[in-house]
Amino acid sequence: MVDDDLTIVQQTLSGDSAAFERLVEKYQRLVFNLALNMSRNYDDGADITQSVFLKVYEKLGSFNPKYKFFSWLYRIAVNESLNLVQKQGRTEELDEEIATDQHAPDSSAESGDVTQGVQDALLELDLNYRVVIVLKHFQDLSYDEISLILDIPEKLVKSRLFTARTMLRKICTQRGIV
Amino acid sequence: MMTEEQFAELLNRELDGLNSRQESEELKAYVQTNAEARELYQDLLKLSIVLNRVEEVEPPGFLKADIMEAVRASRNAARSESSLLAWVREFIESRTSFQYAYVFAAGLIVGIAIYSLVGVHPTTSGVVDPADVSGSIIINDAAYPFTAGPGFEFNNETESISGSVRSKYSRNIAVVEMSLRTRVETAIVVHFDPSSVRFKGYSQSLPGTSVQQIEEKLFRVTTQDENHYILAFERVSQVPSEVTVSIASGGRELQQKSVLLGELGK
């Protein structure tokens, strides 16, 4: 996987634009979902994703191949998401259509409501805590990977994750979600 | 007995499916003995299940095309920029004289920088170019409380020249304000004693057609319309300083009066 990415990066750097398209195809869903979970807005998710890939393309020459490409990509994606969310200072509801389509995986309206309620509660968390929940639960990354992406020690990742979970529990309890 | 930190660590790992069977049993045994810990464990477990149930959302179909379009635009912009730079470089390299121009320009920049750092810039000795000292004067009355000094009005109906002179001073600053309304060429000359006040600058409220001249002991302004002037002096002496203002037109002196800028500290 890593070798594949490196090959594609090298092909892109040597002027093969179709190679970069393969990178976009491979990672756009991952970046979009990260951005969407951070911003909770479909259009913002798309805008952030576009801006992430543009930045990746422009900075590809500075990518250090001794690191994993996806960690580098994630770091850019997290930063772009945080920048946009901080700039906007707002948290919008997901579009009705998306919420209906994507947040009722078991087709149970009640279960979908709980999932959406927890996701909404997530917006109440400070960005530093929200991002660890998103990376751990929605992106399924290890502590080590999160530490690399956020550039913080693994111990801090764990403590932030625990704090984020307890804070989220408190919000959900207050709202009667869990 | 398990510490809070150990409990948090074990609980985190349990929620993330990283505990060994022994660690899981240790955690479960602990929560059986602690009601608060048990409640937290159960709530976080439920929360974790809900969070892990969130499914990925399909990005919009147009997203990839939009990204590639943005990338193409960025690449084209970079190409035009680099081709322009290449053209400039080639242009410069093909002309040896440009390299000498660079050396000259670099020398000039260094020279200006050194001059501005160590050069001496006289402001009141000899004749001063008004362009060097003109501008806006902002006087903060709160920071420098002023005492109103003497002043006078003048009105020459024959020549249709009128105006006023006002003065004010603080411990370190003296200000002379002059208003003038005229339709013929008129000169106001302000004489001052540089041993007690040092001229620091002037300002006029309208661009007008005024012509200023500043010398070691006098300030002269010539105009043919309406304007308002402020002259600022730094006080350097302990004695009151006399400033004489004269108004002249058509080679005739119409008015001359002195104002005494008060004693320091008063």
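**Close-up views of a predicted two-chain model**

**View 1. Helix 7 of chain A has a run of buried residues.** In helix 7 of chain A, the buried residues are A:R130, A:V131, A:V132, A:I133, A:V134, A:L135, A:K136, A:H137 and A:F138. The model is predicted. How many residues of helix 7 of chain A are buried? The count is 9 of its 12 residues, so this helix, residues 127-138, is mostly covered. Buried here means that 20 or more other C-beta atoms lie within 10 Å of a residue's own. Follow the chain past the helix. Just after helix 7 of chain A comes A:D140, with a positive phi of about 55 degrees.

**View 2. Helix 3 and helix 4 of chain A cross.** Two packed helices are described by the angle between their axes and the distance between the axes. Here, helix 3 spans residues 42-59 of chain A and helix 4 spans residues 69-88 of chain A. Their axes come within 9 Å and cross at roughly 135 degrees. That angle makes helix 3 of chain A oblique to helix 4 of chain A. The crossing of these two helices of chain A is right-handed. Which residues make the contact? Helix 3 of chain A brings A:D44, A:I48, A:S51, A:V52, A:K55 and A:V56. Helix 4 of chain A brings A:L73, A:I76, A:A77, A:E80, A:S81 and A:L84. By class, the residues of this contact are 7 nonpolar, 2 polar and 3 charged.

**View 3. Chain B touches chain A.** The contact joins 26 residues of chain B with 36 residues of chain A. Sorted by class, the side of chain B that touches chain A has 14 nonpolar, 3 polar and 9 charged residues.

**View 4. Helix 2 and helix 3 of chain B meet.** Helix 2 of chain B covers residues 21-33. Its axis and that of helix 3 of chain B come within 5 Å. The two axes cross at roughly 125 degrees. Helix 2 and helix 3 of chain B are therefore oblique to each other. From helix 2 of chain B, the contact uses B:Y30, B:V31 and B:Q32. From helix 3 of chain B, it uses B:A37, B:R38 and B:Y41. These contact residues divide into 4 nonpolar, 1 polar and 1 charged.

**View 5. Five strands of chain B form an open sheet.** Read the strand order in chain B as 7-8-5-10-11, with antiparallel pairing. Why is one side of strand 7 and of strand 11 of chain B left without a neighbour in the sheet? Strand 7 (211-214) and strand 11 (252-261) stand at the edges, and each has a single partner strand, so one side of each has no neighbour in the sheet. From one strand to the next, the twist averages 15 degrees. Now look at one pair. Strand 5 (residues 186-191) and strand 10 (residues 241-249) of chain B are antiparallel and pair over 6 bridges. B:A187 stands opposite B:A248, which lies in strand 10 of chain B.

**View 6. Chain B as a whole.** Step back from the details. Chain B holds 6 helices and 11 strands. Of its 266 residues, 20% count as buried. Take the contacts in chain B between residues at least 6 apart in sequence: 58% of them join residues at least 24 apart.

Note on methods
Residues numbered from 1 in each chain as written. Chains lettered and ligands numbered in written order. Predicted model: local features only at pLDDT ≥ 70, side-chain atom pairs only at ≥ 80, totals over all residues. Axes fitted to C-alpha atoms, helices over the stretch in contact; angles between N-to-C directions. Helix = DSSP H or I, 4+ residues; strand = E, 2+ residues; numbered from the N terminus. Parallel < 35°, antiparallel > 145°, perpendicular 65-115°, else oblique. Left-handed = near helix turned anticlockwise from the far one by under 90°. Contact = placed C-beta atoms within 7 Å. Nonpolar A, V, L, I, M, F, W, Y, C, P; charged D, E, K, R; others polar. Pairing = 2+ DSSP bridges.
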